[in-house]
Amino acid sequence: MSIRLESVDVRVGETHALRDVSLELDARTVAVIGENGSGKSTFARLIGGLVPRTGGRVDVLGLDPGARSATADLRKRVALVFSNPDAQIIMPTVKEDVAFSLRADRLPSAVVATRVEDALARFGLTDLADRPSHDLSGGQKQLLALCGAFVRDPELVVADEPTAYLDARNARLITGHLLADTGHRLVLVTHDLELAQRCETAVLFADGKVASTGDPAKVVADYEAVLSC
Amino acid sequence: MLSLYRPGSGWLNRVPAGPKMLLFIAGALGISLLPSQWWAGGVALGAAVLAYAAADLRDGALGLQVFAAQVWAVRWVILVTAVAQLIFVGLEPAFANTCRITAAIVFAGLLMLTTRVTHLLDALERGLRPFARVGLRPDRVALMLTVTLSTVTVLGRLARDIRDAQRARGARSSLRAFAVPFLVAALKHADDLGDALNARGVR
């Protein structure tokens, strides 16, 4: 089982963001849908190790994201992509930003250079390698964020509304990369119900609880029913 | 915002980051030790122009086009410095001090123009390593400086967005109306950046 939650509670300040959530997810691609404030992003941040749980048990790829001892391993195996690409770009040029993802691994510089070049080529960023990262368009920035995540060869990619700020063409490009079967698992938080149905399984969050899970078409239909009330 | 790395094969681009950083620190220190007199302002600016000319930047104007762009990028810093100095210390020291500050900034700009930040980061980490014995984390210090550099650009964009939003709503220029949303946006960015650093393996 790649992701397992047992009776998980998460409180963020006064907000009870997740309440008694139990889930078992083993599909390669998982869509997470729900209204704003329903707990989707908290779930993504929880399995990415950015938010601590206040109760229950969490297992991601056999690791406990809340345990300090698991942090280094979690960072190697789980990559996160957020909606705002500006906040994900650290280094001033495209190539350096991608290389930054490998910095913690202390790899030989020749290995880093090869992996960075491969990743840039894979995401069509080779021609932009020396461009200032913050001067890129929104779509290019999100591609760069994705490239920075994938250069680590993660087993699991957690993407929190990665196409929120993008036009249709760039959104399609980004989702194409995310959904492509390149050996990684994907947890995709999205408001795009068509996109959710392209995943193997889906989870619907409502008021911090799991309202529905399973076949994406069924989960989306459940969500549509809630929306029409 | 000063321009960042400019790919090239000039001799200054090829000098290793560590010695180059030391050279520029020495240059900036030399400029800061000049007296507050007319000639010192000229010497400081002259040294900066010469450094750009000698840097082999290949802009078709002996580095002067790049130099002018760098000075233009910090025009507000120059203006504020000059006005404040004029008010408090008089014409000659104001001229000399403004020239010295401008020269020091564009000197730093030349270092950034000819050195990849990754190489600066590595050099800084190596240089700070001896201080690890007294509890300093060289990797953290180097990273902090890098993140600061990249954040300046983002904050500039946030400020522009907030000003545009205010204009779109017909608001007049007001420090408070600008400062509050800017602070909120900057803090939100800091939160997001923290998450992004964490997500990319920075502990």
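Predicted model: local features only at pLDDT ≥ 70, side-chain atom pairs only at ≥ 80, totals over all residues.
Two residues are taken to be in contact if their C-beta atoms, placed from the backbone, lie within 7 Å.

Turning to chain B, its secondary structure comes to nine helices and zero strands, and the C-alpha trace of chain B spans about 50 × 45 × 40 Å along its principal axes. Of the 203 residues in chain B, 25% are buried. Among the contacts in chain B that link residues at least 6 apart in sequence, 69% join residues at least 24 apart.

| Helix of chain B | Residues |
|---|---|
| Helix 3 | 38–54 |
| Helix 4 | 64–73 |
| Helix 5 | 75–89 |
| Helix 6 | 91–114 |

Helix 4 of chain B has as its buried residues Val66(B), Phe67(B), Gln70(B) and Val71(B). Because these residues cover an arc of only 135 degrees around the axis, they are on the same side of helix 4 of chain B. An α-helix has 3.6 residues a turn, so residues three or four places apart point the same way. What covers the buried residues of helix 4 of chain B includes helix 3 and helix 6 of chain B.

Helix 6 of chain B also packs with helix 5 of chain B, and the axes of these two helices come within 8 Å and cross at roughly 155 degrees. Since angles over 145 degrees count as roughly antiparallel, helix 5 of chain B is therefore roughly antiparallel to helix 6 of chain B. The crossing in which helix 5 of chain B passes helix 6 of chain B is right-handed. On the side of helix 5 of chain B, the contact is made by Val77(B), Ile78(B), Thr81(B), Ala82(B), Gln85(B), Leu86(B) and Val89(B), while the residues from helix 6 of chain B include Leu91(B), Pro93(B), Ala94(B), Asn97(B) and Ile101(B). By class, this contact of helix 5 with helix 6 of chain B has 10 nonpolar, five polar and no charged residues.

Methods:
Residues numbered from 1 in each chain as written. Chains lettered and ligands numbered in written order. Helix = DSSP H or I, 4+ residues; strand = E, 2+ residues; numbered from the N terminus. Buried ≥ 20, exposed ≤ 12 C-beta atoms within 10 Å, placed from the backbone. Arc of directions from axis to C-beta. Axes fitted to C-alpha atoms, helices over the stretch in contact; angles between N-to-C directions. Parallel < 35°, antiparallel > 145°, perpendicular 65-115°, else oblique. Left-handed = near helix turned anticlockwise from the far one by under 90°. Nonpolar A, V, L, I, M, F, W, Y, C, P; charged D, E, K, R; others polar.
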